[in-house]
Amino acid sequence: MRKIEILRVENLSKVYGKGETAVKALDCVSFSVKKGEFVAVVGPSGSGKSTLLHILGGVDRPTDGKVFIENTDIYALDETKLAIFRRRQIGLIYQFYNLIPVLNVRENITLPLLLDGRKPDKEQFKRIINTLGLADRLDYLPNQLSGGQQQRVSIGRALISSPALMLADEPTGNLDSKNSREIIELMKVFNKKLKQTLIIITHDERIALQADRVMTMEDGKIIKDEVIRS
Amino acid sequence: MLRNREIRIYILLLGLVMLISTSVIFSMDKTAAAANFAALASVIVISVLFTKWRYGKIAELSRYLRRISSGEYLLDIRDNKEGELSILKNEIYKVTIMLAEQANMLKNDKRFLADSISDISHQLKTPITSMFVMTDLIQDENLPVDKRVEFTQNIKSQLERLQWLVTSLLKLSKIDAGTITFKKEKVNVKDLVNKSVEHLLIPIELKNQALEIIGDENAVFTGDFNWTSEAVANIVKNSMEHTPEGGKITISFNETSIYTMITISDNGEGIHKEDLPYIFNRFYKGKNAHDNSIGIGLAMSKSIIESQGGSIDASSSAEGTQFTIKFYKSVV
């Protein structure tokens, strides 16, 4: 029996620049991801993996091709609707955390809900911060936290709206090995326990091997797509 | 809309306010009364229209829910607009996705059950057939005594295997069905590991293997001591069986702020890459599996660990295999 498809990418291409200087960052990429999958995208820098993630996250428009998230063709939506869609269905985690410096941990985590005019569910919030080990840090500002803690806050922020898809761009790129392991471990916990679909970009082979499926990119194409865990 | 009692009361109250205020003002000034009447009347009309529109949206949602309950799970009502109504649609959509997933899982369970029964029948059939042959042979009166002893011994070992198989299956099914309550006690990992390897020390010594246990003596986790020790023992047994004589098995453990981890690694023959995703599946036998292996030990370990909210994972290379067990401090 097939699992539910969360993401479908059809013939995605992205060209930067025009004419002679045009660079093809993505070249006709197609794949699909099922609910609850943990996918790692690996490849050398310049292989197009970050471009891919940005397009999946609704941040950068593709030159050609379609992205369906839970059957919604996201680039057929207008800007306002896409922004709302992104807020509710996509959780993004960046290498440099991108937390809001003037908001404390609690506010940073609940930001996606506040933008929607929603109140966070107390129970859900408590479960998330306990798992992330942030319960005693709620009133801290981002600059009072270590890198690992800041990244944990950004995981919380990505999770709070229970998004259909969580995307992480080199989430451990700025962390030491102990913190990297913790971050990956936490993502795995949410992936397994909440069936949170997760796509992560990394150049670290060891991190990629933690995923259920590894896609390798080169020159804007997916050259390998392997399931390593079922 | 008028069928809703609260709407009838609402309109009635609005009408009453209009009538009373108009008649009060009428006793003072006729023109003011007329203006008041017109203003209030238009307010009533507007609010009634709005309410009607809102109720229309609710009716739309209930039509949608009816279609979902008839099985159209992937119908998308999300409109990606601001506001409560759109959030409600979004939440309803999430619930329907969850429902669809559960329906899927039910179907999978059904298939899994059918597969299991066929696997089990197969596992039982082989020894039974061989025992039939053996008893036929024993019935022969001219059979020499030493042969008779050999055959009865063979039957006995087959029966032991069957008994073990049935007991394991029973345990496994109890775990999977959730009828076993796992204790939630504080378990010291060092004690746990020592208990797990207790019965394996002799076979390990017979194979001349080195067993190393290293880790933080104070490492603890919350779980069931006896069941977890059985799970760990199964893994260590598996490592021992797939490590050649003179090999080495290392069990290490530590506790971090997120989880308590136990790793069991060996320098044995390793697991084939194609087998690795499936080794925890019940009755799965990889390329390196022994002839008398059934493929139930690892499946049982996984069930025990996952039932307690933990996770187990295997990685392998030419240098050996490593199993990692984790128990998380807080589970979402």
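Predicted model: local features only at pLDDT ≥ 70, side-chain atom pairs only at ≥ 80, totals over all residues.
User: How many residues of chain A are in contact with chain B?

Analyst: The area buried between chain B and chain A is about 3,300 Å², and carbon and sulfur atoms give 50% of that area. On the side of chain B, 36 residues take part in the contact, and the number of chain A residues that they meet is 39.

User: Which element of chain B gives the most residues to the side that touches chain A?

Analyst: Between chain B and chain A there are 15 residue pairs in polar contact, both residues being at pLDDT 80 or more. Two elements of chain B give two or more residues to the side touching chain A, namely α3 (84-139) and β7 (320-328). With 14 residues, the element that gives the most is α3(B).

User: Which residue of chain A forms a salt bridge with Glu91(B)?

Analyst: The count of salt bridges between chain B and chain A is six. Glu91(B) belongs to a network of salt bridges that also links Arg87(A), Arg88(A), Asp116(A), Arg118(A) and Glu82(B). In the pair formed by Glu91(B), the closest N and O atoms are 2.8 Å apart, and the partner is Arg118(A).

User: How many residues apart in sequence are the parts that Asp116(A) and Arg88(A) tie together?

Analyst: The side chains of Asp116(A) and Arg88(A) meet in a salt bridge with an N to O distance of 2.8 Å. Asp116(A) lies in the loop between α3 (105-115) and α4 (122-132) of chain A, whereas Arg88(A) lies in helix α2 (residues 79-89) of chain A, so the parts that this pair ties together are apart in sequence by 28 residues.

User: Is Lys89(B) buried or exposed?

Analyst: Lys89(B) forms a salt bridge with Glu60(B), the closest N and O atoms being 3.9 Å apart. Lys89(B) lies in helix α3 of chain B and Glu60(B) in helix α2 (residues 30-69) of chain B, so the pair ties together parts that are 29 residues apart in sequence. Glu60(B), with a relative accessible area of 33%, is partly exposed. Lys89(B), by contrast, has a relative accessibility of 5%, and because the cut-off lies at 20%, Lys89(B) counts as buried.

User: In which strand of chain B is Glu212(B), the salt-bridge partner of Lys248(B)?

Analyst: The closest N and O atoms of Lys248(B) and Glu212(B) are 3.1 Å apart. Lys248(B) counts as partly exposed at 36% relative accessibility, and Glu212(B) is partly exposed with a relative accessible area of 30%. The pair links distant parts of the chain, 36 residues apart, with Lys248(B) in strand β4 (residues 248-255) and Glu212(B) in the strand of residues 210-215, which is β2.

User: What is the relative accessibility of Ser229(B)?

Analyst: Ser229(B) is found in helix α7 (residues 225-241) of chain B. Leaving aside its neighbours within four places in sequence, Ser229(B) is in contact with Leu192(B), Lys195(B) and Ser196(B). Ser229(B) counts as buried because its relative accessibility is 6%.

Notes
Residues numbered from 1 in each chain as written. Chains lettered and ligands numbered in written order. Heavy atoms only, no water. Contact = heavy atoms within 4.5 Å. Buried area = accessible area lost by both parts, 1.4 Å probe. Salt bridge = Lys/Arg side-chain N within 4 Å of Asp/Glu carboxyl O. Polar contact = N/O pair within 3.5 Å; in protein donor to acceptor, adjacent residues only side chain to side chain. Helix = DSSP H or I, 4+ residues; strand = E, 2+ residues; numbered from the N terminus. Buried < 20%, exposed > 50% of the residue type's maximum accessible area, 1.4 Å probe, protein only.
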